[in-house]
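Here is a walk through a two-chain model, taken one spot at a time. Keep the viewer open and follow along.

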Amino acid sequence: MNFEEFQNQARLYVIGALEAEETEAFEAARKKFGQKADDYIAECYTLHEAFALSLRPAKSSDALKERLMAMVRNRKET
Amino acid sequence: MPLNVLEEVSSNETGTIGRYDDYMDFLSKNLADDEPQETPAPRVSPAPVLEPGAPSDLELMQGIQQADPEALSLLYDRYNGILKALILRVIHNEAEADDLLQEIFMEIWNQAKNFSPQKGKPLGWMVTLARRRAIDGLRKKQAYARAGERLKEETEQQPEAWVHNATEEEITFGDTRVLVRKVIETLPVAQQEAINLAFFSGMSQREIAAKTNTPLGTVKTRLELGLKKIYDGLKELRDEL
């Protein structure tokens, strides 16, 4: 696998779309390319942001936030 | 990509007239093939624009790492809408989405120490976490079929699930969403569908191929081309900034 092929696979990898047999070859290439490969994979996660940001925000109730913050404060105190 | 529109795509490929007339122009422009289109991807902002003086996401994450509840409160206010939309997109159930959203923000609180700015931005980390939890929830319920049906019902009322009109509450993220949407809309419909099923439904290439009755190699090509175009669109702006 050359680096361009690795890049194509990396974009599939970050969205979990690689098949098992592809993942094996991908991991081998990842080791071969080292830090450059890890850096590229990290960059690919911007795709996650983009897909999330393409959605219209959904409303949540105020009660949900109150419950969350109560749990957090309890957790902090204990 | 709405499933019913995909069925429409299949029909159109065999010459049958589809039900969604308002889609016809869009489909005819995008269904010719899976090759990247010549139109360059629009520039996109990789992150929402914050109010002047507002703490950055990274500053808030650092606050959470130091166990400051106010930092979590602000991060919640900033991103609960986006994360809930993502969860809803995966599991299509309001009550379950609320439960998951609460769990995810608790996980953000508990796992903040594992966040490293060297590995990415806070929003990316949160989205990855939220998506994983949502897809896990979907799989636990073994709800692929039901989710597909719900998605189909939902998209019959809202034909393009990725396209939304901006509302007042979206001002903060509105521009970003419009720009990201423009990138996505440059893709052929079949590529949008493949990415949609992979990202929001957590399907493998084989599952997408089975679901859409498409050869596996074609699914792979659609995913690769579509993701590359979106990635390049995002990178172009990042390089300029």
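## Starting at Lys76(A)

Lys76(A) sits in helix H5 of chain A, which covers residues 62–77. Keep in mind that this is a predicted model. Is Lys76(A) buried or exposed, or something in between? Its relative accessibility is 47%, so Lys76(A) counts as partly exposed; the cut-off for exposed is over 50%.

Which residues does Lys76(A) touch, once those up to four places away in sequence are set aside? They are Ala67(B), Pro69(B) and Trp109(B). Looking back along its own chain, Ala58(A) is 18 residues away from Lys76(A), and the two C-alpha atoms are 28 Å apart.

## Two loop residues with positive phi

Now hop over to Ala67(B), one of the residues that Lys76(A) touches. Ala67(B) belongs to the loop between helix H3 (57–65) and helix H4 (69–91) of chain B. Its phi is positive, about 60°, even though it is not a glycine. As background, most residues other than glycine have a negative phi. With a relative accessibility of 27%, Ala67(B) counts as partly exposed.

Asn213(B) is another residue to check on this point: it is not a glycine, and its phi is positive, near 55°. You'll find Asn213(B) in the loop between helix H10 (205–212) and helix H11 (216–240) of chain B. Asn213(B) counts as exposed because its relative accessibility is 71%, and the cut-off is over 50%.

## Where the chains meet

How many residues of chain B are in contact with chain A? The count is 61 residues of chain B, against 43 residues of chain A. Between them the two chains bury about 4900 Å², with 64% of that on carbon and sulfur atoms. On the chain B side, Gln102(B), Leu227(B) and Tyr231(B) lose the most area to chain A, and together they make up 13% of what that side buries.

Polar pairing shows up here too. The rule finds 17 residue pairs in polar contact across the interface, both residues at pLDDT 80 or more. Several elements of chain B give two or more residues to the side that touches chain A: H4, helix H5 (94–111), helix H6 (122–140), helix H8 (171–185), H9, H10 and H11. H4(B) has the largest share, with 13 residues. Sorted by class, that side of chain B has 30 nonpolar, 13 polar and 18 charged residues. Five salt bridges are counted between chain B and chain A. One salt bridge to look up pairs the side chains of Lys121(B) and Glu49(A), at 3.6 Å from N to O.

## Salt bridges within the chains

Over all chains, the count comes to 15 salt bridges. In chain A, have a look at Arg30(A). Glu27(A) forms a salt bridge with Arg30(A), with the closest N and O atoms 3.9 Å apart. Both residues lie in helix H2 (residues 20–33) of chain A, three residues apart, or about one turn of the helix. In an α-helix there are 3.6 residues a turn, so residues three or four places apart point the same way. Asp38(A) also forms a salt bridge with Arg30(A), and there the closest N and O atoms are 2.8 Å apart.

What about accessibility in this trio? Glu27(A) counts as partly exposed at 31%, Arg30(A) as partly exposed at 23%, and Asp38(A) as partly exposed at 30%.

Over in chain B, Lys228(B) forms a salt bridge with Asp232(B), the closest N and O atoms being 2.8 Å apart. Both sit in helix H11 of chain B, four residues apart, which is about one turn. Lys228(B) is partly exposed at 35%, and Asp232(B) is partly exposed with a relative accessible area of 31%. There is also a network, in which salt bridges with shared partners join Glu103(B), Glu107(B), Arg132(B) and Arg133(B).

## A covered helix

Last stop: helix H9 of chain B, residues 189–201. Why does its length agree with expectation? At 1.5 Å a residue, its 13 residues should span 18 Å, and the end C-alpha atoms are 17 Å apart, which agrees.

H9(B) is mostly covered, with 13 of its 13 residues buried. After H9(B) comes Gly202(B), whose phi is positive, near 65°.

Note on methods: Residues are numbered from 1 along each chain as its sequence is written. Chains are lettered from A and ligands numbered from 1 in the order in which they are written. This is a predicted model: local features need pLDDT of at least 70, side-chain atom pairs count only at pLDDT 80 or more; totals for chains, interfaces and linings use all residues. Side-chain values use heavy atoms; hydrogens and water are left out. The expected span of a helix is 1.5 Å times one less than its number of residues. Buried means under 20% relative accessible area, exposed over 50%, partly exposed in between (1.4 Å probe, protein chains only). Contact means heavy atoms within 4.5 Å. Buried area is the accessible area (1.4 Å probe) that two parts lose on being put together, summed over both. A salt bridge is a side-chain nitrogen of Lys or Arg within 4 Å of a carboxyl oxygen of Asp or Glu. A polar contact is a pair of N or O atoms within 3.5 Å; within protein, one must be able to donate a hydrogen and the other to accept it, and residues adjacent in sequence count only if both atoms are side-chain atoms. Ala, Val, Leu, Ile, Met, Phe, Trp, Tyr, Cys and Pro count as nonpolar, Asp, Glu, Lys and Arg as charged, and the others, Gly among them, as polar.
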